[in-house]
Amino acid sequence: MLKEKGMDSPRLDAEVLLAHCLGMERVGLYVNSYKDLNPEAGQRYFSLVERRGRGEPVAYITGVKEFMGLDFTVTPDVLIPRPETELLVEAALAAIATRGRFSVSHFSGSRGELFPSRTSFANCDREPSPCRIVDVGTGSGAIAVSLAGRLPGAKVYALDISLEALSVARVNAQRHGVADRIVFLCGDLLGPLPGEIRGAVDLIAANLPYVPSGEIPGLMPDVGLYEPHTALDGGHDGLDFYRRLIPMAESFLRPGGTLLMEIAPGQGEKLTQTVLPGDGSACGNGGKGPWELSPCRT
Ligand code: GLN
């Protein structure tokens, strides 16, 4: 049925939904026998397949999406974390690691073994002030929670304009045991950050809406019809939020701090030419550190 509806990955979707109905991991379908699917579970399964057939994203049906090897709670109030955004997390970890303040722990990626406890704090211990990381437009909290989990010495600020999104992010922080190291703040871009951390933030990660408004109607139906447009629509050229974010980020980053932004292919040049000060390669932030553009997509 899902195949006939033109779904990209009908078998995978069906398996995820069936495993969800049976309360097991997908691999359990192969390991265990599920021949005796009782009629009630069968009914439930078919109703979920029907929802998927109408275009509803699997993650909204099951309420879960895996990101960086962790299960994140998702609701229609938040964008479903995308695999390509894992690149942003990796880039953030690399940026922090090369600064030599942290030793970034290796991550097994397997469920259950969430955040390895073997993380070395060697560099961190010598550093009296904690590393400060901001995730602006946190949504489900996928970036903030993944970073907090990998960097136990960091203090993370997770910001969003949507209170509903923040409550999902909070659930995820609790789910992964990092709620005590993340501060959740509601407001526009960096507006809610406390003034005393001006000039003292090590890294700002941003996956803000960047889809040009004119492209919203043409998005795949499971994105366009189900995901929050407030998390997708970036204005006429998609860069409205970044245009406003950059000057704010400049005042919060410490010298040499890093701003990482997820954008669509083709937006990098425009961002460099029209949004970033100077030539975009070594600018902003008092000219002391490069802007890093993270060319990921959708
Ligand atoms: N990559 C998203 C998409 O599916 C867009 C995410 C964003 O705007 N930040 O279109």
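Which residues does the UniProt annotation "domain: Methyltransferase" cover? In the unreviewed entry, that annotation covers residues 131–215; UniProt positions follow the numbering used here, feature names are shortened, and annotations may be inferred rather than shown by experiment. The structure is a predicted model, in which local features need pLDDT of at least 70 and side-chain atom pairs count only at pLDDT 80 or more, while totals for chains, interfaces and linings use all residues. Residues are numbered from 1 along each chain as its sequence is written.

The chain has 11 helices and 8 strands, where helices (H or I, at least four residues) and strands (E, at least two) are DSSP runs numbered from the N terminus. Of the 298 residues in the chain, 36% are buried; a residue is buried if 20 or more other C-beta atoms lie within 10 Å of its own, exposed if 12 or fewer, and partly exposed in between, with C-beta atoms placed from the backbone. Two residues are in contact if their C-beta atoms, placed from the backbone, lie within 7 Å. Among contacts between residues at least 6 apart in sequence, 67% join residues at least 24 apart.

Two helix pairs can now be considered. Two packed helices are described by the angle between their axes and the distance between the axes. Axes are lines fitted to C-alpha atoms, for helices over the stretch in contact, and angles run from 0 to 180 degrees between N-to-C directions. Helix α1 (residues 10–22) packs with helix α3 (residues 39–53) at an angle of about 140°, and their axes are 9 Å apart. The two helices are therefore oblique to each other, given that angles under 35 degrees count as roughly parallel, over 145 as roughly antiparallel, 65 to 115 as roughly perpendicular and the rest as oblique. The contact is made by D13, A14, L17, L18, C21 and L22 of α1 together with A41, R44, Y45, L48, V49 and R52 of α3. These residues divide into 9 nonpolar, no polar and 3 charged; Ala, Val, Leu, Ile, Met, Phe, Trp, Tyr, Cys and Pro count as nonpolar, Asp, Glu, Lys and Arg as charged, and the others, Gly among them, as polar.

In the second pair, the axes of helix α5 (residues 85–98) and α7 come within 10 Å and cross at roughly 35°. Here T85, L88, V89, A92 and L93 in α5 meet A142, I143, S146, L147 and R150 in α7. The residues of this contact comprise 7 nonpolar, 2 polar and 1 charged.

The UniProt annotation "binding site" (unreviewed entry) covers G137, T138, G139, S140, G141, D160 and N207. Although spread over 71 residues of sequence, these positions cluster in space, with a largest C-alpha distance of 11.4 Å. G141 lies in the loop between β3 (131–136) and α7 (142–150) and is buried, with 34 other C-beta atoms within 10 Å. Leaving aside neighbours within four places in sequence, G141 is in contact with A158, V168, A169, N172 and A173. D160 is found in strand β4 (residues 154–160) and is buried as well, with 30 other C-beta atoms within 10 Å. Beyond four places in sequence, the contacts of D160 are G137, T138, G139, A165, L166, A169 and C186.

Strand β5 supplies a further example. F184 is found in this strand and counts as buried, with 21 C-beta neighbours inside 10 Å. Not counting residues up to four places away in sequence, F184 touches A158, L166, A169 and R170.

Which residues have a positive phi although they are not glycines? M68, with a phi of about 50°, is one of them. M68 lies in the loop between β1 (64–67) and β2 (70–73) and is buried, with 23 other C-beta atoms within 10 Å. L189 has a positive phi of about 45°. L189 is placed in the loop between β5 (182–186) and β6 (201–206) and counts as partly exposed, with 19 C-beta neighbours inside 10 Å.
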